[in-house]
Amino acid sequence: MNIVLFGPPGAGKGTQGVRLAEEKSIAAIAMGDMLRQAVAEQTPLGVQTKQFMDAGKLVPDAVVIGMIEETIVEEDASNGFLLDGFPRNVAQAESLDEMLSRHGFALDAVVFLDASEELLLERLSGRLICKACGFGFHRHYSPPREAGCCDRCGGELYQRDDDNEDVIAQRLHVYQEQTAPMLDYYAHRSSFCRVDADGGMDEVYERLINALEQMH
Ligand code: AMP
């Protein structure tokens, strides 16, 4: 099964995507994670993209499209994949369709995780992420049992550089301007579904599974 998961920052794409990919035994491919890794490793690509990420802007299409193609071809995608955070604008969505048909893949589901701006702001500003396993917590709504320490693996929790007030505002603006228009691109497809992301982690996951079941 090949899935695209998209939606505004803070909708829960990472959390829900990892869980769904595990359940379906498919590869979870998170564009933001790949870019953050390149920045941390200070690869030439990481050095080039850091300024865009720090500013809450999209990294140039040519960079992310190239990375996705390499990953889809190199990863064992025979069981399927879940794309989190790619595509993020209509040009990327068109490139993805072209690339998939060239490699003989198709999209089985395009899931739009939808949430109000108020909720997104609240979620992003309190978000804590495990350095080791990537699992997400929230300072107030789902705090870790031990401060600064991941419940799942014991890893160290951190706040993302771009989860600060100014950059969050910019990321939400970029979402409205560039990513939201993808709704028109995908909404007419039979593989498209919208899932309300306003709720607890388990509640949203159940909605997601139900939406996928109804589709197939
Ligand atoms: P995320 O972890 O998905 O919130 O992404 C973090 C940052 O990585 C974004 O604010 C962008 O700067 C960059 N990024 C992630 N995915 C893409 C993409 N598909 N196209 C361009 N930039 C991206």
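Which residues is Leu-172 in contact with, leaving aside its neighbours within four places in sequence? And where in the protein does the place of Leu-172 lie?

Analyst: Beyond four places in sequence, Leu-172 is in contact with Pro-9, Glu-117, Leu-120 and Leu-121. The structure is a predicted model. Leu-172 belongs to helix α7, which covers residues 165-179. The relative accessible area of Leu-172 is 4%, so this leucine counts as buried, the cut-off being under 20%.

Now the setting. The protein has nine helices and eight strands. Its radius of gyration is 17 Å, close to the 17 Å that the globule rule gives for 216 residues, so the protein is as compact as a globular protein of that length. The C-alpha trace spans about 45 × 40 × 35 Å along the principal axes. Of the 216 residues, 47% are buried, and Leu-172 is one of the buried residues. Among contacts with a separation of 6 or more, 70% join residues 24 or more positions apart.

In α2, residues 31-40, the buried residues are Met-31, Gly-32, Met-34, Leu-35 and Ala-38. Viewed down the axis of α2, these fall within an arc of 160°, so they line one face of the helix. In an α-helix there are 3.6 residues a turn, so residues three or four places apart point the same way. The buried residues of α2 pack against strand β2 (27-30), helices α3 (44-54) and α4 (61-74), and strand β3.

From helix α3, Thr-49 gives a detailed view of this region. Thr-49 has 1% relative accessibility and therefore counts as buried. Setting aside residues up to four places away in sequence, Thr-49 touches Leu-35, Val-39, Val-59 and Val-63. Leu-35 is itself one of the buried residues of α2.

Next, the backbone. Most residues other than glycine have a negative phi, and most peptide bonds are trans. Gln-42, in the loop between α2 and α3, has a positive phi near 50° without being a glycine. With a relative accessible area of 64%, Gln-42 is exposed. Ser-25, in the loop between α1 (13-24) and β2, also has a positive phi, about 55°. The relative accessibility of Ser-25 is 49%, so this serine counts as partly exposed. The peptide bond from Phe-86 to Pro-87 is cis, with omega near 0°; Pro-87 is in the loop between β3 and α5.

Five aromatic pairs turn up in a search of the whole structure. In one of them, the rings of Phe-81 and Phe-105 have centres 5.8 Å apart and planes at 90°, so the arrangement is edge-to-face. This pair links distant parts of the chain, 24 residues apart: Phe-81 is in strand β3 (residues 81-84), while Phe-105 is in the loop between α5 (90-103) and β4 (109-114). Phe-81 is at 0% relative accessibility and so counts as buried, whereas Phe-105, at 24%, counts as partly exposed. Phe-135 and Phe-137 have ring centres 5.3 Å apart and planes at 70°, so they too make an edge-to-face pair. The relative accessible area of Phe-137 is 7%, so Phe-137 is buried. Phe-6, Phe-112, Tyr-185 and Tyr-186 together form one aromatic cluster. A charged residue also meets a ring: Arg-19 lies over the face of Tyr-205, 4.1 Å from the ring centre.

Methods
Residues numbered from 1 in each chain as written. Predicted model: local features only at pLDDT ≥ 70, side-chain atom pairs only at ≥ 80, totals over all residues. Heavy atoms only, no water. Phe/Tyr/Trp six-rings, centres within 6.5 Å; stacked < 30°, edge-to-face > 60°. Helix = DSSP H or I, 4+ residues; strand = E, 2+ residues; numbered from the N terminus. Buried < 20%, exposed > 50% of the residue type's maximum accessible area, 1.4 Å probe, protein only. Lys NZ or Arg CZ within 6 Å of the ring centre and 35° of its normal. Arc of directions from axis to C-beta. Contact = heavy atoms within 4.5 Å. Rg over C-alpha atoms; globule rule 2.2 N^0.38 Å.
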